[in-house]
Structures are given as structure tokens and as C-alpha cells.
Amino acid sequence: MSNMDKPYRARADRPAGNLSAGPASLYAARRKVYPRAVAGRVRSIKWAVLIFCLAFYYIVPWLRWDRGPGMPDQAVLVDMANARLFFFWIEIWPQEIYFLAGAMILAAFALFAVSSLFGRLWCGFTCPQTVWTDLFMLVERWIEGDRNARMKLDQGPHGRAYWSRKVAKHAVWVLIAAATGGAWIMYFNDAPTIAPQLLTGQAGMEVAFFFVLFTFTTYLLAGWAREQVCTYMCPWPRFQAAMLDENSLVVTYRDWRGEPRGKAKAAGVGDCVDCYACVHVCPTGIDIRDGQQLECIGCGLCVDACDSVMGKLSRPGGLIAFETLRNLAASEAASMGIPPGPERRQAGMAARAVPRFVRPRTLLYGAALSVVAAAMVGAFLLRSTLDVAVLRDRAPLFVRLSDGGVRNAYTVKIVNKTRDGSPLALVLDAPADFRLTVQDAEGERDGRPLMARRPDGITQYRVFVTTPPMAGLPESTDVTFHLLDAHGRAVTSQRSTFLAPRT
Amino acid sequence: MPTKVEKDSAPAIRTTGHEWDGIKEFDNPLPRWWLYVFYCTILFAFAWIVIYPAFPIWGLRGTSGWIAREAVVEQVRTAEAARAPMLDRIRKATPAQIADDPNLRAFAIAGGRTAFSNTCAGCHGAGGQGAAGGFPSLADDDWIWGGSYEAIHFTITNGIRSNESDNERQSMMPRFLADGMLTAAQVNDTAEFVLGLTGRATDQTAAERGAAVFADQCAACHGARGEGNRELGAPRLSDQVWLYGGDKASIVQSISYARGGVMPAWGKRLDPALINMLTVYVHSLGGGE
């Protein structure tokens, strides 16, 4: 029987209270988890990821990027007031927010693909909840000591030593939370400007509100809520199960090797010495030996804990490991009937196969990822930095002039995403008699009306197209507006129509 | 459907007894803090009722005294205060001066567009396209009373046959047939002559007879060749724009019973700044002179 077929088991430290006679309580108090410090390969990787993620988050707002005078010089900035999103050399306008949507879709598919290949890597290593909780636990260990010391401290007596440690811990937590909330603000405001304002309390109400909000949520979620967020609040672990299958790497206990548990020197028992090291280091307080559980975030700290114990007993590590459920079942089948010991270990391990990374699920996620990435790159390469929009007046559709001619009015909008403000000449591509006039033109160049363009902005002009009295003027004529630069090259064009009364 | 309450293997947890396609549901307790959060939301609702006016009961304002309508009034007041300096400049300038200043012009056109939709579009149509039955287009190049900034401003301020201003635009076309000044035949001849002004006469001899009538009765206001007279508000008859229709029946009707639209004098109703903005906006529609 593989772990997959086993029923879900409850957390080891949860009281089996609702088994007693009568209906159980509908509500249960949280049982505080006291994770023990652990060292090992997974922990080292987690530290590296933590340092990278935190450094990235805190440093990025301070990166500078020169965009010329009058423009923000922050490399990554969401400028709400001016409705601009700056990302190094890229500048996104509100109507291009699909780039952001595309990036989100890309991230989602990447997450699906990674989850189906390697399990809950996101949850266990890079999720902000995990990273900040890890950081807060580190502070907790520095101030209050490791698992046993903390448990003892909480049991009392609640004297000066207790309160000084608690106050110190929460003070440091609040400081980290404030730095986190403050950094978030800096993605939306110029960092060197807003940082001193935040420190001196001169920032506006809006900034202050979000600063306090993110400071409070960081403190609450990483300091107090912790595994409760993953177990009860976060929707992702619930539907993440749909991405995992028997070929995904998940943190598992090799029960075929560990069971039956027993003392190290006892005869006829498996490798698990029931030392509870895996339970004590678990940040969600579960027993991985109970099989796959929804509380498990896949952080792999139990792997390190077990490996160190196995090392002390001179047994090979990997009693708890990142393993596929398919391999687990294969090992179990191969080792069945062999008594616990090196032979059983060997038989089980020999039955394992390289995880099947290429399978329909991962191919589909990979395909979706490639399609979205290609679409994004394509859209980005074809993205224009200068657009002209021609909006024909609808009221009136056309104007009959006193000489019998017809006039149409248009609103021409020049969308200029560059810092180049040189004027452009407007040219009408239409039958010969059609005359173009631009209201409030900036003069003319080679007899063509000139239009100013605001750097990094939209400039709007009202444009008239007039015909002399003409016989046989069709109800609708296609016309095209071209914008020419100083060299007479058409930089952008837009088609429209010219409407006339029915004859 | 509940089937059977059972106990799971150790460490045992009760199931709810629900089962769908072999999937059973554990009867795990809810975290207590979740319950407390729920209680907090209830308390929050009560606090909200006390602080803000949650029930539409007259006089019940909540302890904060905050009311949405007053907040809007305050926002409008703020917006008006922000606009005041610009409106002040617009009020003191002439429409022509406003049009010369790019900032004032942009402001006036934006404000004028809104005011136009409010007060003018009912008759003159959105964008000043005009409407059949005597509501002239303001976007064409044909003006009865003139299309300069001054003329437009004067017309908006004093109205046309408005009876509301000492300076109203006033002109009265006689009812030639109804008041017995012309016979039906003479009216027909005159109409033919008027059609001939735009090369559309169908009966040349009638048109020639009509020329004499036109010279006697119409030319004083409409001009010898029907070129119109803006001083008198007499429309031009030699162009392609017809306020009341340019076919023969409409022209006969106009001569027989006369026409005369009415426009209110807005000078009494609107802020002078608004009238200036309307002037600039109407001038910008395409027909301004």
C-alpha cells in the first residue's frame, strides 16, 4: 500500500478529542507550533532563497534608471498618479495593462509547471508567507532560544526574563514588518523621496495608510498566523492538488524502510527510531510519517532533520526525502517480504526509477507557457511608441456647407510614448478635391499642417476635411491620415471614412 | 447524502458521514480564531451602524455626522474653488481674447462642451448639428445673425425674439399670403424666383414675374440677389443651407405664413464666464468666423 492510498491522517499533536462520546466541539484552539532549528542541505538552500528574495524585495525600489529630465529615475515604479508603469527601459501605459496580465498568466503557468514537476516548491521555498515566517522564526530563536527554551519560557514563570524577551522579540518583528510595509510603498513612490518622509512622518495620509496596513499584515501573518495562513486562509494549496500526481516530487516518508518503528538497537525494526526530529522541526507541526497531508507546505526541513539523525546512527539518509509517490509504491512492492535491514533498504532503493518529468500534464503546461511567452514577446516587439487615433465626429455625421460642399470633423489624438516632442505634419490621403484643415495647428511645414506632440503624453487636435460642391460624392469615402516626421517619413497612419449625404 | 458516521483509522478523526463518489468528509473543527473573526465582523457592523447613517431614517446621522450628500457638496465646492481662478480670467476676457490664449481656450472648449450639452443641445443637437424645423446647425458656415465671436456672444446673451432682453435679436418676416399682401399666384411666382437663385427654377416665366415681386417685397431685407442681411437676421437665400427646407412647398409656406424661431436670452440665466465658454466652443465647431 503506497502512501497515496492511505487515508488522510490528522496532525500528530491534534487531540483526538472528537472521538469521545457525544458531539465534538465545533471549534478548536490553535496549538502553538515550536519548530526546532535544523541544519542541512535543504535548510541551506532555503536560507539562500530567503536571502535572495528579501534582498530583491528591499533593494529593487532603490535601483535607478535614467529616463531624462522630468521623468522618474526609479527603475521599477508604479506611478499611479500619472498612470504609468516603469520597468527599467519599458514604460507601460494604462491601455497596455495586458502586458501585466500576460506576465501574471505566464507566472501562473510557470507555477503550474513547477508544481507538477517538483511539488510545492513555491509554498515551501519562495512564497512570501514562508519567507517572512522563516525570518520571524529566526528572530524568535535568537531572542527566545530554540524549541525547548521557548516552550519552557511560555510555560512560565512570567517574570522579567519572560517579558523582556517577549517585548524584544515583538519590537524586532514590528521593525521588520515596518521595513516590509515601507518597501512596498516604495514600489509606488520615489524611494529616496518617500523614505525620509516616512521616517519623519511627513508622508501623506494615503501613503501612511498603506504603510500601516502592510506593516500590520506582515506582523500579523508572519508573527502570529504563520501555518494558519497556509492551512486555513490560502486557496492555492487547495487547488494545487490538481497539479500534482504520482510523478510529482513531494516530501515523503519512506515507510517501507522506516516501519515498523523502534529503538535503534532493537531487532526486526525499520530505520525510523521514532525520535520525532521530523515533527519538531516542522513549521506546520505535522508528522510527515502520517503520509500526504494538506498542511504540509513541502519545505523539506524534516528531510534535513531525519538525515542528521540517520547520519548519527551511521545509516544512509533519505528516510524522508523528495520522492515521487510512484517510486514510493515501487520501493514498497520490491521490498515487501524482506525483513528490515540493509537488504530491504537496497531492494527498495533499487526499484526506484528516474521521475518521469515528461508527461502529458507537464507538456501541456510547457506548451501553454511557451505560447503565452511567445505572444508576450511578439506583442512587445510589435508595440508601437507612437500611435495616432482618428475619431470621426458622430454628431454631426457631416455638415452641409452653404456652397453645397460637405465637411466632416475628426478628433485626432497623437499617443506619444517617447520623450521626443518634435512636431509632426498631418497629411490626408484622399481624393484630390478633399481639403484638410487643422484647428489650432502649430504652423505648417512644406504646406502641411503641423501638430505638436506632448512628450510622454497624448495631444489632441480637431481636424476638418472639406469637399467643394461635387456631383456624385459617394456616401462613404475611405480616407487615411498620415503623420510625417521632419524627414517627411510617415511614422504612423490611421484609416477613417468621410461621410456625405445620400444623393 | 449522509450515509454512516464512522471512525477513521488512528489517529482517528470522525467523518461527517457525507460521501460523494467514495470521497468522505472529515469532521474537523474550525479554528477558534476564525470564529472570533466572525464575531468581530458582527461587532464591526454594529459599530458601523452607530458611527455612520446605515438606515435611511430622517435625522439619524450616526455619531460621525458623515453624510454622502454633504461629502459630494464638499467635493463640488473644492472643485469650484480650484476652477475659480480660471473662470475669473475667462469672465473678464472677451471670447476672442480667450481663444487667443491656448490655456484659456482649452479650458473654455472643455467647459463649453459640457454647458452646450446642458443648455443648447436640446434644440441645436449634440455637436451643434441642428435639427429640422428651424433649429440651425452651428457647425456649418451659414450664419443668420453672424458667426464672429462678438455676434455669437451677443446672440447667446440676448436671445432671438426672446422677449427677455432689450437687446434681443429681433426681426419679423411678414405673412405675405395670410395678411393679404400677396396673392397665391404672386407667392408661387416669388417662390420660383427664389428657387432660381440657386438654379433650381422649374418655370422661367413665373420666376421672371416673381423677380419683380421679390424686388418690391423681399429685397429690402434679403438683398437684391438673396444674399441675406445679418443686421436684420434675414437669411441668405442663394446658398445650399435651408433652415426650414429648400423645396418649393417649404418656400411657399415660408412666404405665405412667415417663419421666426425663438431662442432664450441666456444672459439672464448663465454666468458670464459660461457664456464666454459657450461662445468659444460654438465658434470652434467648424463655422466660426
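1. Start with a helix pair in chain B. Met86(B), Arg89(B) and Ile90(B) in α2(B) meet Leu104(B), Phe107(B) and Ala108(B) in α4(B). By class, this contact holds 5 nonpolar residues, no polar ones and 1 charged residue. Keep in mind throughout that this is a predicted model.

2. How do the two helices cross? Two packed helices are described by the angle between their axes and the distance between the axes. Here α2 of chain B covers residues 68-92, and α4 of chain B covers residues 102-119. Their axes come within 11 Å and cross at roughly 100°. Angles of 65 to 115 degrees count as roughly perpendicular, and α2(B) and α4(B) are therefore roughly perpendicular to each other.

3. Now take chain B as a whole. Its secondary structure comes to 10 helices and 3 strands. Along the sequence the pattern runs β-β-β-α-α-α-α-α-α-α-α-α-α. The radius of gyration of chain B is 36 Å, while the globule rule gives 19 Å for 289 residues, so the chain is more spread out than a compact globule. The C-alpha trace of chain B spans about 120 × 55 × 40 Å along its principal axes.

4. Of its 289 residues, 31% are buried. Among contacts in chain B with a separation of 6 or more, 55% are between residues 24 or more positions apart.

5. Is Val241(B) buried or exposed? A residue is buried if 20 or more other C-beta atoms lie within 10 Å of its own. Val241(B) has 21 such neighbours, so it counts as buried.

6. What does Val241(B) touch, leaving aside residues up to four places away in sequence? Its contacts are Arg400(A), Ser402(A), Asp140(B) and Asp142(B). Pro136(B) is 105 residues from Val241(B) along the chain, yet their C-alpha atoms are separated by 9.4 Å.

7. Turn to chain A and its helix α2. This helix runs over residues 98-118 and has 21 residues. From first C-alpha to last, α2(A) reaches 29 Å, close to the 30 Å expected at 1.5 Å a residue. Just after α2(A), Gly119(A) takes a positive phi of about 80°.

8. Which residues of α2(A) are buried? They are Phe109(A), Phe112(A), Ala113(A), Ser115(A), Ser116(A) and Leu117(A). An α-helix has 3.6 residues a turn, so residues three or four places apart point the same way.

9. Check the backbone next. Most residues other than glycine have a negative phi, and most peptide bonds are trans. Where are the cis bonds listed here? One runs from Glu259(A) to Pro260(A), with omega near -10°. Pro260(A) is in the loop between α11 (255-258) and α12 (277-281) of chain A. Another cis bond runs from Ala395(A) to Pro396(A), with omega near -5°. Pro396(A) sits in the loop between β7 (386-392) and β8 (399-400) of chain A.

10. Look also at Ser314(A). Its phi is near 60°, a positive value in a residue other than glycine. Ser314(A) lies in the loop between α13 (301-312) and β6 (320-324) of chain A. With 7 C-beta neighbours inside 10 Å, Ser314(A) counts as exposed.

11. Asp446(A) is another case. Phi of Asp446(A) is near 50°, again positive in a residue other than glycine. Its loop joins β12 (444-445) and β13 (448-451) of chain A. Asp446(A) has 9 other C-beta atoms within 10 Å and is exposed.

12. Finish with Trp65(A), in the loop between α1 (41-59) and β2 (76-79) of chain A. With 15 C-beta neighbours inside 10 Å, Trp65(A) counts as partly exposed. Leaving aside residues up to four places away in sequence, Trp65(A) touches Asp73(A), Gln74(A), Ala75(A) and Phe88(A). The C-alpha atoms of Trp65(A) and Phe87(A) are separated by 9.1 Å, and the two residues are 22 apart along the chain.

Note on methods: Residues are numbered from 1 along each chain as its sequence is written. Chains are lettered from A and ligands numbered from 1 in the order in which they are written. This is a predicted model: local features need pLDDT of at least 70, side-chain atom pairs count only at pLDDT 80 or more; totals for chains, interfaces and linings use all residues. Helices (H or I, at least four residues) and strands (E, at least two) are DSSP runs, numbered from the N terminus. The expected span of a helix is 1.5 Å times one less than its number of residues. A residue is buried if 20 or more other C-beta atoms lie within 10 Å of its own, exposed if 12 or fewer, and partly exposed in between; C-beta atoms are placed from the backbone. Axes are lines fitted to C-alpha atoms, for helices over the stretch in contact, and angles run from 0 to 180 degrees between N-to-C directions. Angles under 35 degrees count as roughly parallel, over 145 as roughly antiparallel, 65 to 115 as roughly perpendicular and the rest as oblique. Two residues are in contact if their C-beta atoms, placed from the backbone, lie within 7 Å. Ala, Val, Leu, Ile, Met, Phe, Trp, Tyr, Cys and Pro count as nonpolar, Asp, Glu, Lys and Arg as charged, and the others, Gly among them, as polar. The radius of gyration is taken over C-alpha atoms; the globule rule is 2.2 Å times the number of residues to the power 0.38.
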